[in-house]
Amino acid sequence: MTGSRFGSEARAVLGGALVAAALAAAGPAAAQEKVLRVGMTAADIPYTAGQPDQGFEGFRFMGYMLYDPLVLWDLSRADKPAALMPGLAESWSVDATDKTKWTFKLRRGVKYHDGSEFTADDVLWNFEVARDTKAKHYDPKQAAQIATRIPDLKEIRKVDTYTIEIVTHTPTAYVPYEVSFWFMPSKAHWEKVGSWEAFAKQPVGTGPWKLQRVVPRERAEMVGHKDYWDKKRVPKVDRVVLLPIPEASARTAALLSRQVDWIEAPSPDTIPRLKQAGMQIVTNGYPHNWAIAPSRAAGSPWNDVRVRKAANLCIDRDGIDKLLGGLSLPAKGHMPPGDAWFGKPKFALGYRPDEARKLMAEAGFSGAKKLTVKIAISTSGSGQMQPLPMFEALQANLNECFFNVTAEVMEWNALTAFARNPANHPDVVKAGVDSVIISRAIQDPFSAFDRFFLPNRVPPGGSNWGLVDDPEYTALIQKASQTFDLEAQNLVLGELHAALVDKAEWIWVTHDVNPRAMARNVKGFVQAKSWFQDLTPVTKE
C-alpha cells in the first residue's frame, strides 16, 4: 500500500477481520483456571523457536516468557529505569589485562521445561545456531534476529560445565547488555525433534512460562512453569492467552466486551470511555524514540543537513502529543529530555516552520519545487504507538515546508524485515523509500547509539539502515564503548548525543509512555520503565 491516505474504513476492515478470528479462537478456558488474555498490537504470534520476531513485542511476550538470557533486566520496579541483573549467568567479569575476554559463571541447577539441565554446552550450541552456517542446527531466522544484538561476540569458549569465556572482536564494555537479548533454547530438545520447524511447535526454554499451544495469526497459550529456577518469579496465573489484534479500536472493543483482560497501546480517544467502564490505564516512561531515520546513501535528498534540520523544525510535536491524548513525550533529540546522555546540543528542535522553509529555500526548494520523500511506516507494532494517525500529522506538517511526503505502508513484521536491508539495497531502491519510521529501544549505549551510527553496523551487521558514516560519531562511540567507568562513559555519550542533534542526523518526533489498559480485576502488575514487562506477579481477582 502506498500513498498518503489511511481511511478509517480501511483500518476497521484490517482490525475487524483479525480480531474476529482471534476472539473466535480464544474460547472458554477451564472454569477453575486463572487466565490472563492479552490483546497484542502485532498481527501475528512471534516466532517461538528462540530469538523472536515482531520487534520488542516479540521479546516481551515470547522471548522473556519462554526463555532466559545470560543477563536479565530487573522489571520489578516502576520508579527507575530497568537495570541489568543476573539471569542464566550468576556473575560476569572482564579480564583486567585483556578486555576482549569476559568470564561468565553460569547458574547451577537450572532445568529446561523438559527437565534437561542448562550448561555451558547450551551456550556454545546456541552461538552456532546464530553464527555457524554449516551447522545442522543453524537457524537463519534466529540468526537474522540476533545478528544486530551480539555483533561484538567473536567466540564462545567452554571453561567447564558452568563457566564460559566470551571473546569479542575489540574491547567493549557493552557485552552484558548485548547478551541480555540472546535467548537459550534447549540443545537436548532440538536434538530430539531434529528441526527448528518441529522445535517451534513444541519449544523448550528455561523461562517462567511454557508454550502449550500456538495457532498462527490467532493465538498462543502459555502455562506457568511451576519449577522455574527463580522461585520469586513463578507465575501467579495459570495461563496466558496472547491474541494478535493490530487495530487499536478492535483491541479497545475486545477489552470493553470482556473478551480480553489487557491490551497494549489503547487508542488515545478511547481512554475516557475505558476509564468510565472501570478499566485501569497504566503508563510509564521508558527508553524509546519514534523518529524518521533518513537514508544517507549516495544521492539521497537527506544528505543535505539543511533538509534534515528543516524537517526537525517543521514537525508540531506538541500537536502530535495532543493527538495521542497526552500519552507521549515530545522529542528534543535522540534521548528523552533530562537523560544522563542528553549532553548540551546547540541545535534546538521545535516547531518553527518559517525557519524550516528558509532552510529549504537555501537548499533549492520552494512551493513550486517540492522535495519528494517516501517513508516506510507500519500499520501497528511494538512501540509504534498510533503510527498511521501520527504519520498523517507529520506528513501534513512537512508538506507545509516544501516537502512532498508519501508512504510505503506495511505490516509491522514486514517493516522490520524490510529494514534489515540497508538504504542502498536494490529492494529498497526499487520501492523508492528514502526513510523509515521504526520505534527504537534506547535503553543501553549499544542499543541507543552503536547499532545505528557506526559504519560497520550496516544491516545485517547492525541497524544502521541509513548508512551513516561520520568520523566524529565513530570516534565518540568507540571511546564510550572502551570506557569502563560509568560516569566517564556517560560524559562521552553526552558529547555523542549533542553531535547527533547538532547535525540533525535523524528527524526525531516523540517518546512513548507505554500505555496499557486492563480490566479492574487484574492485579499485581508493575509497569517497569522498559520495553519489557514481567507478567509473573500478575493475578486476577
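Predicted model: local features only at pLDDT ≥ 70, side-chain atom pairs only at ≥ 80, totals over all residues.
Trainee: How are helix 10 and helix 12 oriented to each other, roughly parallel or roughly antiparallel?

Mentor: Two packed helices are described by the angle between their axes and the distance between the axes. Here the axes of helix 10 (residues 305-313) and helix 12 (residues 353-362) come within 8 Å and cross at roughly 160°. Angles over 145 degrees count as roughly antiparallel, so helix 10 and helix 12 are roughly antiparallel.

Trainee: How many nonpolar residues does the contact of helix 10 with helix 12 have?

Mentor: On the side of helix 10, the residues that meet helix 12 are Arg306, Val307, Lys309, Ala310 and Leu313, while helix 12 brings Pro353, Glu355, Ala356, Leu359, Met360 and Glu362. By class, this contact has no polar residues and four charged ones, and its nonpolar residues number seven.

Trainee: Is aspartate 502 buried, exposed or partly exposed?

Mentor: Aspartate 502 lies in helix 18 (residues 486-502), and, leaving aside its neighbours within four places in sequence, aspartate 502 is in contact with Lys309, Pro345, Lys346 and Phe347. Buried would mean under 20% relative accessible area and exposed over 50%. Because the relative accessible area of aspartate 502 is 22%, this residue is partly exposed.

Technical notes
Residues numbered from 1 in each chain as written. Heavy atoms only, no water. Axes fitted to C-alpha atoms, helices over the stretch in contact; angles between N-to-C directions. Helix = DSSP H or I, 4+ residues; strand = E, 2+ residues; numbered from the N terminus. Parallel < 35°, antiparallel > 145°, perpendicular 65-115°, else oblique. Contact = heavy atoms within 4.5 Å. Nonpolar A, V, L, I, M, F, W, Y, C, P; charged D, E, K, R; others polar. Buried < 20%, exposed > 50% of the residue type's maximum accessible area, 1.4 Å probe, protein only.
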